[in-house]
Amino acid sequence: MSNETDGGIQLEYGVDDKPPLPKSILLGLQHVAVMIVPATAVAYVVAGGVGLDPTDTAYIVQMVLLFSGLATIVQAYTVGPVGARLPIVMGSSFTFVGASISIGADFGMAAVFGAILVTGFAVEGLIGWQFKRIKPFFPPLVTGLVVVIIGLYLVPVAMDYAAGGADAADFGALHHIGLAGLVLAIAVGLNMFTRGVTRLLSVLVAIGVGYAAALALTFTTGLELVDFSAVGDAAWIALPSPTRFGFEFEPIAIATFAVLFLVSSMETVGDMSGVTAAEGRNPTNEEFRGGLFNDGLLSSIGAVFGAFPITSFSQNVGIVNFTGVMSRHVVGIGGVFLAVLGLSPKVGAAVTTIPSAVFGGAVLLMAGMVAASGFRLVITNADLDRRNTVVVAVSLGLGLGIATTPEALSGLPNAAETFFGQPVIVTALSALALNTFVPGEQSPLFDARPADSDADADADAAAVGPTDD
């Protein structure tokens, strides 16, 4: 059991700790429960936007779960240089949804998977390989702001879930809000006022109680909150089918996904920083490199089988900070569950019967915890003087402005609107540009000390912890 570190939080289990197996299984299930709906939602949204039939849609959902699980296992335990040995849960990102729909509608799904195959490891692999050189451009001020905007950007998504789902006919109905509020209240109450296993499993217990309440409402009031029809229709076992959708290599699609993988790498850097912030440090160069390799390589391999890009999941960063359980072995167990779900559509269908409102209460809490971990990362490692405060204000102001009023960019060309319509892109690029070109201690161009100075080495050791050099 780890103690609280300078700038970190009180950890129940450190990154290499192994909780007892029964507890580890429940903690792993907790990670799966929080991310399974948003991860599979990416597949449902894209398939619906492109007009895929139910069979192809179910297959893509299955592949998303399978490769989310495989990538999570590799992230926790590594295969050669691939993986970070950190408790990072992997899943399909909403970053790629808009491009996947537009390219899939215009050129077909073969162009989507061809672009992912080419750009996944090419972009993130290159960034990971050279990350030690570009790392000075991503100090805690920049990566912390990326973590903050990821969390804040998830809040509206969580509220949509809490209200029953954006497409629900009874969106905002009292029973949806009540279920989400019940889950949120139980999770917070158990975490703040209990100890031991009930605190560690507070999110899972809350989801379980919310699901039980939804079942009770379904059977007693006639509300269709839980629908088991998909479970009966799903097969017990279904194996992956390579090149099911084929490959086409459209230049526009490749260029678009290359930029999006750059954004995905920023999200991964931010999420990794958010996880290690629990220990009061930044990731090492080796951790950054392995994590980015994992993102890119598993995304490219997944494209062969029909999975959308796999990247780190911010909600689960929130779970690590909320529960104080940083064990990578717990996350590895969660990855095994995801992989099994990907091979058994029936089991996956059973999990997805949990209503959106129940997940909404949990995701809302996790989104807030992600943002809070980002703020802690900034405050712990950067003085909020006038210069840094302006960087924070401009970056978050622009990012939240785009998130809340995307129609403000409607006058831009379509390509520019797509690019600058991503809050994470706007926040990351704003923070990167301001921090780089405005003189200050965190700028790599101006007031930064020489890399070979003893003072700099001491400062790096204090801020980052053990390195891979």
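Visitor: What lies over the face of tyrosine 59?

Guide: Arginine 244 does, at 4.3 Å from the ring centre. Bear in mind that this is a predicted model.

Visitor: Is tyrosine 59 buried or exposed?

Guide: Buried. Tyrosine 59 has a relative accessible area of 4%.

Visitor: OK, on to ring pairs. How many aromatic pairs are there in the whole structure?

Guide: A search of the whole structure gives 10. One of them joins tyrosine 59 and phenylalanine 245. That pair is tilted, with 6.3 Å centre to centre and 50° between the planes.

Visitor: Where do tyrosine 59 and phenylalanine 245 lie?

Guide: Tyrosine 59 is in helix 2 (residues 54-77). Phenylalanine 245 is in the loop between helix 10 (229-233) and helix 11 (251-276). The pair therefore ties together parts that are 186 residues apart in sequence.

Visitor: And phenylalanine 245, buried or exposed?

Guide: It counts as buried, at 17% relative accessibility. The cut-off for buried is under 20%.

Visitor: Which residues do ring pairs link into a cluster with Tyr59?

Guide: Phe113, Phe245 and Phe308.

Visitor: New topic. What kind of pair do phenylalanine 96 and phenylalanine 257 form?

Guide: A stacked one: 6.0 Å centre to centre, 10° between the planes. Phenylalanine 96 sits in the loop between strand 1 (90-92) and helix 3 (97-107), and phenylalanine 257 in helix 11, so this pair ties together parts 161 residues apart in sequence.

Visitor: Are those two buried or exposed?

Guide: Phenylalanine 96 is buried, at 2% relative accessibility. Phenylalanine 257 is buried too, at 0%.

Methods. Residues are numbered from 1 along each chain as its sequence is written. This is a predicted model: local features need pLDDT of at least 70, side-chain atom pairs count only at pLDDT 80 or more; totals for chains, interfaces and linings use all residues. Side-chain values use heavy atoms; hydrogens and water are left out. Rings of Phe, Tyr and Trp (its six-membered ring) pair if their centres lie within 6.5 Å; planes under 30 degrees apart count as stacked, over 60 as edge-to-face and the rest as tilted. Helices (H or I, at least four residues) and strands (E, at least two) are DSSP runs, numbered from the N terminus. Buried means under 20% relative accessible area, exposed over 50%, partly exposed in between (1.4 Å probe, protein chains only). A charge sits over a ring if NZ of Lys or CZ of Arg is within 6 Å of the ring centre and within 35 degrees of the ring normal.
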